[in-house]
Amino acid sequence: MAKSKDARVTVILECTNCIRNDIKKVPPGISRYITQKNRRNMPNRLDLRKFCPYCYKHTIHGEIKK
């Protein structure tokens with residue numbers, strides 16, 4: 001089966017504040033969210049404000065590579 005060239009792709013969002021401050025150096029200590037975006041409408045990287053349970057506040061979560 002061939003992979004389809006769908007416009008919707010799954011992306012992972014990671015807390016930029018946790019990475020900068022090194023709250024926990026192991027990957028499970030960084031807040032991550034999974035969402036989808038439309039590749040045609042948003043060709044750039046996605047940044048959303050989400051709640052980080054490790055920082056206990058809303059921070060900017062940026063898109064990372066899989």
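Strand S1 (residues 8-15) and strand S2 (residues 32-38) run antiparallel, joined by seven bridges. The model is predicted: local features need pLDDT of at least 70, side-chain atom pairs count only at pLDDT 80 or more, and totals for chains, interfaces and linings use all residues. Residues are numbered from 1 along each chain as its sequence is written, and side-chain values use heavy atoms, with hydrogens and water left out.

Strands here are DSSP runs of E, at least two residues; helices are runs of H or I, at least four residues; both are numbered from the N terminus. Two strands pair if DSSP finds at least two bridges between them.

**The sheet.** S1 also pairs with strand S4 (residues 57-64). Four bridges join these two, again antiparallel. The open sheet has four strands in the order S2-S1-S4-S3, with antiparallel pairing. S2 and strand S3 (47-52) stand at the edges. Each has a single partner strand, so one side of each lacks a neighbour in the sheet. Neighbouring strands are turned by 45° against each other on average, direction ignored. The axes behind that angle are lines fitted to C-alpha atoms, for helices over the stretch in contact; angles run from 0 to 180 degrees between N-to-C directions.

Glu14 stands opposite Arg32 in S2. Glu14 also stands opposite Gly62 in S4. Cys15 stands opposite His61 in S4.

**Thr16.** Helix H1 (residues 16-21) includes Thr16. Thr16 touches Ile60 and Gly62, leaving aside residues up to four places away in sequence; contact means heavy atoms within 4.5 Å. A polar atom of the Thr16 side chain lies 2.8 Å from the backbone oxygen of Ile60. Asp47 is 31 residues from Thr16 along the chain, and their C-alpha atoms are separated by 9.6 Å.

Are Cys18 and Cys55 buried or exposed? The table answers, using relative accessible area: buried is under 20%, exposed over 50%, partly exposed in between (1.4 Å probe, protein chains only).

| Residue | Relative accessible area | Class |
|---|---|---|
| Thr16 | 26% | partly exposed |
| Cys18 | 2% | buried |
| Cys55 | 16% | buried |

A disulfide is a pair of cysteine sulfur atoms within 2.5 Å. Cys55 is likewise in no disulfide. The count by this rule is zero disulfides.

Key:
A polar contact is a pair of N or O atoms within 3.5 Å; within protein, one must be able to donate a hydrogen and the other to accept it, and residues adjacent in sequence count only if both atoms are side-chain atoms.
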